[in-house]
Amino acid sequence: DFVGPGFQRSGPLQVQVNTGQFGRTFQDRSHAFIVRKRPDNVSPWARIVNMNVRGRRGNIVQVYPSVEYDFVPTDLTIGVGDFIHFQWTGSDANPNGNAGNGKAGTDRSNLVQIA
């Protein structure tokens, strides 16, 4: 019931809760995903890197507390025999007026193979 290093006691534990919020319902932003078995044609010793896109369309002020688009991992070195699994989502519900290219109100991405 008490927190403190060694023999010190700082008092009873408390949770700072605004009880006025208990009865409210907030938007459910939970996500579900499935982890699939490695494909049979991929060696069990092959490296598979999960490449994600994080962030939202818009400038840093418009997307706060999110971030502008970025790849995760930000730096990636791939060798022969390695695999990349790309994973990201888009939206047709982005606020109109946010900075960026493309149809207003959307948040879509494209990928171009260069090499």
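Reader: Which strand gives the largest share of the lining of the second largest pocket?
Author: This is a predicted model: local features need pLDDT of at least 70, side-chain atom pairs count only at pLDDT 80 or more, and totals for chains, interfaces and linings use all residues. Residues are numbered from 1 along each chain as its sequence is written, and side-chain values use heavy atoms, without hydrogens and water. Strands are DSSP runs (E, at least two residues), numbered from the N terminus. The largest share of that lining, three residues, comes from β3.

Reader: How much space lies in the second largest pocket?
Author: A pocket is an open set of points on a 1 Å grid where a 1.4 Å probe fits, with protein on both sides within 12 Å along at least five of seven lines; lining residues have an atom within 4 Å of a point. Here the lining includes F33, R36, P39, I48 and H85. The space in the pocket is about 440 Å³.

Reader: How many charged residues are in the lining of the second largest pocket?
Author: Asp, Glu, Lys and Arg count as charged. R36, K37 and R38 are among the lining residues. By class, the lining has seven nonpolar residues, two polar ones and, as charged residues, three.

Reader: Which residue forms a salt bridge with R47?
Author: A salt bridge puts a side-chain nitrogen of Lys or Arg within 4 Å of a carboxyl oxygen of Asp or Glu. The whole structure has two. For R47, the closest N and O atoms are 3.2 Å apart, and the partner is D82.

Reader: Are D40 and K37 buried or exposed?
Author: Their side chains meet in a salt bridge, 3.5 Å from N to O. Buried means under 20% relative accessible area, exposed over 50%, partly exposed in between (1.4 Å probe, protein chains only). Both D40 and K37 are exposed.

Reader: What is the relative accessible area of F86?
Author: F86 is found in strand β3, residues 83–87. With F71, I78, I84 and L111, F86 makes a nonpolar surface patch of about 420 Å². Such a patch joins nonpolar side chains within 5 Å, from residues with over 30% relative accessible area and no salt bridge. F86 is partly exposed, at 36%.

Reader: What distance separates the C-alpha atoms of N96 and T106?
Author: N96 lies in the segment after β3. N96 is exposed, with a relative accessible area of 62%. T106 is ten residues away along the chain, and the C-alpha separation is 8.0 Å.

Notes. Patch = residues over 30% accessible without salt bridge, like charges linked within 9 Å, V, L, I, M, F, W, Y side chains within 5 Å. Areas by Shrake-Rupley, 256 points an atom, 1.4 Å probe, with all protein chains shown as cover. Helix = DSSP H or I, 4+ residues; strand = E, 2+ residues; numbered from the N terminus. Points joined across faces, edges and corners; volume = space filled by probe spheres on them.
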